[in-house]
Amino acid sequence: MGCNPRYEILFEPVRIGPVIAPNRFYQVPHASGMTNTLPRVRAAFREAKAEGGWGVICTGACSIDPSSDDAPLPFATMWDNNDIRAHALMTEAVHRHGSLAGVELWHGGASVMNRTSRLLPLSPSGIPWMATHVGFMGNLRPKTMDKSDIRDVLRWQAEGARKARTAGFDVIYVYAGMGYLGYEFLLPEYNHRTDDYGGSIQNRARFVREMIEVTKDAVGKDCGVALRVSLEELRARPGRNQPSEAHELIELLADVPDLFDVKMDSSPTDCSASRFTSEGSHEPVIDFVKSLTKKPVVGVGRFTSPDTMVSQIRRGVLDFIGGARPSIADPFLPKKILEGREDEIRECIGCNICISSWHDGVPVRCTQNPTAGEEWRRGWHPERVAPAAKPEKILIVGGGPAGLECALTLGRRGHEVTLADSGRAFGGRLAYEKTLPGLSAWNRVVDYRLGRLNKMSNVSLYLESALGVDEIIDLSPDRIVLATGARWTRMLYSAIEIPVGQLDDRQVFTPDDIAAGRLPEGPTLVFDFDNYYMGGVLTEHLAAQGIPVIYVTPAGQASAWTIMTNELPLVHRALSKRHVPVTTLHLLKSFDGGAATLAHVFTGEETRVACRSVLIVGLRLPRDELHEALTARAGDLAAVGIRSVDRIGDALAPGAIVHAVHSGHKFARELGAAVQPYRRDTPIVDAEPGFEIRTAAE
């Protein structure tokens with residue numbers, strides 16, 4: 001099959017200054033957790049996207065000087081020759097497939113603490129970013145930049161650009177977004193200056209203009225120069241001669257960079273989860289940019305539909321289709337569109353697990369794409385698996401995320417696979433969770449895999465098939481894989497942060513009860529120590545049913561872990577919209593059918609809260625009854641030739657869906673194969689001149 005004619009516009013080349021992108025698919029700069037300490041992991045991760053047809057592949061934030069030090073969060077550097085060599089691995093890998101390589105040169109300004117370098121943070125007016133989670137060593141405040149500091153940053157940018165050119169980059173960025181230094185000059189809350197760099201939007205834009213100009217002076221003959229700028233706050237500010245200051249900024253800089261990369265200001269809106277925003281959510285903020293410049297414009301919006309992409313181009317919103325999360329979920333998205341295989345796109349579900357990886361300081365992982373970050377260290381390719389040396393008959397019990405991924409990968413390897421599930425629909429936990437507020441896109445995990453499985457002649461799918469030991473013995477597979485999932489418990493939570501005891505009462509519920517259609521009587525107290533999405537989503541769900549709900553958690557915020565996925569502010573807004581009272585830092589001690597007793601986490605002070613029922617969202621444990629029964633009859637299994645019984649996903653270790661999918665993929669890829677050893681990446685480091693290694697004897 002070839003490209004659908006209506007999508008051909010997506011494959012037109014576009015000029016960026018002196019370089020030409022081969023198509024309109026542009027992997028914008030995004031964090032990957034793969035710093036210069038993991039150069040080979042990073043290169044292989046980016047190369048997969050180039051092989052998959054992305055025309056431009058960019059790094060994440062790349063510091064131009066030790067005064068921009070975001071440790072312990074992961075960030076790349078462009079400081080010295082070692083950095084040049086490390087980045088060259090990536091540019092060479094990207095160029096092998098005909099794509100351009102871009103680098104997001106970056107200075108963090110007041111948003112970094114310089115924890116490692118111990119250099120003073122820089123800021124236009126000494127105003128710090130005072131988020132509650134970023135203070136360091138008594139809340140070190142940034143230095144107010146004088147003209148000498150400004151000249152230094154301009155020099156560092158130019159030097160960084162020249163190093164980037166040497167490393168092989170084709171597109172060099174100036175970054176003026178997301179609270180970093182260029183953005184701080186643009187925003188009057190940060191910029192209180194009274195000199196040429198403060199006051200009017202013309203003056204506030206001066207630093208950004210000069211950053212672009214020194215970059216073009218340094219490398220503009222060879223490289224395209226891009227400006228990445230956040231427009232959300234400026235769009236909300238009325239301009240003097242234009243509808244907003246965002247309009248005025250673009251008008252002022254219209255002819256200065258070779259490309260505009262436009263985005264939002266904060267993570268919860270810039271890369272908002274699908275639970276709260278839909279595809280193309282940036283358009284109302286950035287839709288005016290192309291009307292004020294003739295330079296190409298790239299933007300994002302979690303684009304996965306080729307029809308939406310074409311609409312963005314034809315309506316004059318964008319010239320490039322920017323992708324970060326969609327490029328992780330399916331590095332081969334462009335190639336599948338080009339080859340007429342749109343139905344094979346592994347669409348991003350918008351869960352933002354990828355973003356949590358950066359907050360955790362580890363290489364990126366993806367719920368949809370279990371090979372993300374594993375390309376080099378485990379040798380996994382997102383579209384290819386090695387055929388089985390000896391195909392076997394494999395029975396998988398359980399058709400949730402782990403079972404589906406395992407069946408798909410085993411099927412691709414050539415095994416004869418039977419997938420049986422006791423339910424009326426495949427999906428496991430997602431069969432219900434997809435119906436909860438904002439989670440419908442998560443069912444793409446199921447849709448993608450079922451779509452592929454239904455086309456495989458060597459895979460048989462069975463629903464409403466509850467299998468016991470005798471039925472499994474009758475089937476006599478070569479191997480059994482159990483993907484039977486996990487169950488929610490009624491366990492409580494102790495002051496030392498360990499699940500303890502159990503609260504047994506007919507009016508005490510778990511998420512499994514709600515999934516089974518058993519609704520509690522209100523008012524219902526939701527006690528959430530799972531801390532991810534489920535407690536907040538179920539609270540919304542019950543409130544939407546007209547049930548009065550009280551949300552209680554031992555954490556400091558509702559759904560506290562969602563700060564890692566950029567959802568935390570939106571969770572609180574959603575609960576507020578439903579008029580749900582939120583009580584933090586409290587433990588549930590007891591429930592007597594008419595009231596619950598809470599205790600403050602730190603003081604132990606007790607409070608009584610009237611409620612008719614309790615929903616506990618806390619500990620999950622594996623559903624291991626079938627595994628135990630099979631283990632007890634190991635002799636009977638061996639007698640009919642069953643070689644092994646294995647568990648995957650939640651049946652082995654309950655966790656987020658991303659872990660279940662990875663578990664199913666890993667088992668299937670490694671079954672009967674010569675497993676590549678887990679490779680440990682190392683930085684590229686040259687010894688200092690004159691450095692010698694001496695033995696103790698010397």
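**Close-up 1. Right-handed crossing of helices α3 and α6 in the predicted model.** Helix α3 (residues 147–167) packs against helix α6 (residues 206–219) at an angle of about 35°, with the axes 9 Å apart. A crossing is right-handed if the near helix is turned clockwise from the far one by less than a right angle. The contact (heavy atoms within 4.5 Å) includes Ile150, Val153 and Leu154 of α3 and Phe207, Met211 and Val214 of α6. By class, ten nonpolar, two polar and three charged residues form the contact of α3 with α6.

**Close-up 2. The largest nonpolar core.** Helix α3 supplies the largest share, eight residues. Apart from this core lies another of 57 residues, among them Cys351, Met456, Tyr532 and Leu542.

**Close-up 3. Packing of helices α15 and α24.** Helix α15 (residues 401–412) and helix α24 (residues 657–670) pack at about 30°, their axes 7 Å apart. This makes α15 roughly parallel to α24 (angles under 35 degrees). The crossing of α15 and α24 is right-handed. The residues of their contact divide into nine nonpolar, three polar and two charged.

**Notes.** Residues are numbered from 1 along each chain as its sequence is written, and side-chain values use heavy atoms, leaving out hydrogens and water. In this predicted model, local features need pLDDT of at least 70 and side-chain atom pairs count only at pLDDT 80 or more, whereas totals for chains, interfaces and linings use all residues.

Methods. Axes fitted to C-alpha atoms, helices over the stretch in contact; angles between N-to-C directions. Helix = DSSP H or I, 4+ residues; strand = E, 2+ residues; numbered from the N terminus. Parallel < 35°, antiparallel > 145°, perpendicular 65-115°, else oblique. Nonpolar A, V, L, I, M, F, W, Y, C, P; charged D, E, K, R; others polar. Core = buried A, V, L, I, M, F, W, Y, C linked by side-chain atoms within 4.5 Å. Buried < 20%, exposed > 50% of the residue type's maximum accessible area, 1.4 Å probe, protein only.
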